[in-house]
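Visitor: Could you take me closely through the helix packing in this model, with the cut-offs behind each term?

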Amino acid sequence: MSLIRIGNINYGSARPYKALDDVEGFVYEENHATENARKLHEGELDVALIPVGAFAIHGAYVGLDFGIAVDGASHLLRLFSHSPVEQLETVYAYEDSSASILLLQLLARNFWRVSFRIVPRSRVLSPHELGPREGLMLRSGLYRPEHLTFQYQVDLLEKWVEMTRVPFVFLVWATRPGVLSGEQHQRLHELLFRAVKPYQHREAPGLEPTVLPGKREVILYFGEHELAALELLFQEAYLEHLLPEMNYQPLRLSLLDRRPRFRVEQRPIEHILASAAEGDRLTVRDGIRLAHEVEIADLGVACEARFAEGSAAKTLVQVFAAETDWLFRPQKVFQQVEKAAAAGIRHVYLPAPAGGEGELSRIEMVLASLKASFPITIEAFNASHIAQLGKAGGITLSETISRLITAGLDELPSDGGGMLIERVRKLRGSEQQDSSLWLQVMKWVHRFGARSSCSLEVGEEESWEERLLHLHKLRLLQDVNPGFRYLVVRPFSNLSSSGIREIIRAVLISRLFLDNVSALEVRGVGRESYVEITELSFGANRLRIESQMNTSTESLEALNALRHFGFEFELEPSQGTVEEVH
């Protein structure tokens with residue numbers, strides 16, 4: 001029988017579950033909750049304690065009726081501020097706190113009826129660093145005595161119970177259907193019961209009411225009351241468009257044949273398609289089913305319905321792409337950009353310099369000079385290059401990005417982020433930069449006020465679940481740190497005719513699933529560009545023409561090709577009018 005890989009979290013509240021360590025037949029590890037979710041999503045764990053939002057977003061997991069919930073005043077999670085909550089404009093939250101952020105969002109909308117920006121931070125701020133309209137959300141173990149000097153301190157879990165009369169569920173033990181055999185499930189369930197028994201304070205089958213010392217409010221076994229609280233949480237989050245529509249699915253052991261029994265509710269595919277067309281957020285499982293069960297034409301109709309009202313006009317942007325020697329021949333690139341700007345081209349792409357990272361100070365000088373001389377948008381480098389640049393200079397990633405943006409960087413391309421699932425990246429030879437680094441770079445780019453793009457590279461080695469999990473990572477980052485201007489869907493390698501259909505299907509699924517990125521970009525189009533034309537027919541709304549020419553010739557050719565196929569595109573506002581380009 002194969003070993004079961006189990007992921008617990010390294011917080012004090014999960015200490016009872018450490019009893020699963022060093023048990024024969026199990027491979028035990030501890031991670032942050034979000035890392036547990038990633039590993040369960042990507043098949044690196046079989047059973048894991050994950051945030052409640054991650055359970056809902058995937059949509060195909062079953063729960064073991066154990067986890068971590070809190071009922072009433074606890075001091076486990078507080079909101080500190082110098083002003084009343086109703087006056088706050090920004091709240092800083094510790095990173096790796098998705099369930100806590102979900103709780104704060106629900107309280108803000110339904111309890112206080114306010115709207116403030118939530119900004120995750122890796123460093124705990126002190127009271128003197130906060131402005132009068134800023135708040136700080138911290139869990140116990142992170143706040144220090146100095147934080148108790150804040151004038152306003154709100155126990156968020158107490159407010160939740162006051163609003164709902166039920167506990168708040170932070171984390172659930174989850175697995176995929178069919179992973180555990182009957183023997184494994186029975187043994188794991190017995191171990192979980194044994195682990196929580198000394199700490200459980202609610203009545204539960206086989207558990208005497210005992211107390212977790214100093215933390216009477218922490219609930220580890222989910223009875224009917226906690227399961228009802230979980231359903232209420234899913235419902236409220238769905239109504240506020242924070243989570244997809246979802247019901248908790250428990251894993252049970254049959255008393256007759258001792259086999260795991262589960263009932264994963266299957267929404268009718270027509271219901272899922274209609275929800276997508278109406279703008280509802282989709283689970284990963286919803287996306288997989290749409291990809292496998294719905295015809296391309298019907299997906300296209302859903303996309304058209306979803307984006308029919310309030311969608312931006314189709315736009316065309318011509319980009320002047322400098323050569324890779326631009327850093328070492330600045331006079332040449334200045335002359336090229338000057339001609340491009342005179343022709344109405346306002347978007348300049350500077351690739352990672354050839355021959356190494358270059359000195360940061362030299363790059364800053366060139367960027368600043370270009371921005372001071374021309375009314376242009378500068379798109380430059382890539383995530384891997386920026387990370388190497390900071391490492392070579394001996395400075396942090398955030399400082400590197402801050403300096404580049406201050407110098408004039410406006411936008412970072414999606415290079416290196418076309419597939420953020422580690423198994424697929426290794427197959428494609430992308431081991432030099434893991435997905436977490438790419439996401440970290442984009443996070444800081446967005447936080448410092450610049451923008452970027454994201455992409456999905458469709459190949460033959462990844463499953464639809466992996467494609468949807470990749471899109472989920474992009475959607476999650478955009479939720480917390482918005483800054484992606486558009487998505488690009490492109491093939492990883494040359495495609496057959498069936499592969500072309502797969503690209504079109506990926507375009508449509510991406511448009512429906514990645515609901516917080518408003519534009520989907522196509523690059524290059526002519527009278528023979530059938531794939532790109534089809535993408536424009538089924539959801540793409542931004543066309544990029546990139547070349548090392550500094551004239552508007554290619555923009556005119558593209559516009560004529562589009563009109564040949566019946567499309568009307570507008571030039572991006574920064575690029576003037578069609579007459580000017582003529």
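Guide: In this predicted model, helix H10 (residues 330-342) and helix H11 (residues 360-373) have axes that come within 11 Å and cross at roughly 25 degrees, the axes being lines fitted to C-alpha atoms over the stretch in contact, with angles from 0 to 180 degrees between N-to-C directions. H10 is therefore roughly parallel to H11, a label for angles under 35 degrees, and their crossing is right-handed, the near helix being turned clockwise from the far one by less than a right angle. Pro330, Phe334 and Val337 of H10 meet Val366, Ser369, Leu370 and Ser373 of H11, where contact means heavy atoms within 4.5 Å. These residues divide into five nonpolar, two polar and no charged.

Helix H8 (residues 284-293) and helix H16 (residues 464-480) have axes that come within 9 Å and cross at roughly 135 degrees. H8 and H16 are therefore oblique to each other, the class left once angles under 35, over 145 and from 65 to 115 degrees are set aside. Val284, Gly287, Ile288, Ala291 and His292 of H8 make the contact with Trp464, Glu465, Leu468, Leu469 and His472 of H16, and by class there are six nonpolar, three polar and one charged residues.

Residues are numbered from 1 along each chain as its sequence is written, and side-chain values use heavy atoms, without hydrogens and water. Local features need pLDDT of at least 70, side-chain atom pairs count only at pLDDT 80 or more, and totals for chains, interfaces and linings use all residues.

Note on methods: Helices (H or I, at least four residues) and strands (E, at least two) are DSSP runs, numbered from the N terminus. Ala, Val, Leu, Ile, Met, Phe, Trp, Tyr, Cys and Pro count as nonpolar, Asp, Glu, Lys and Arg as charged, and the others, Gly among them, as polar.
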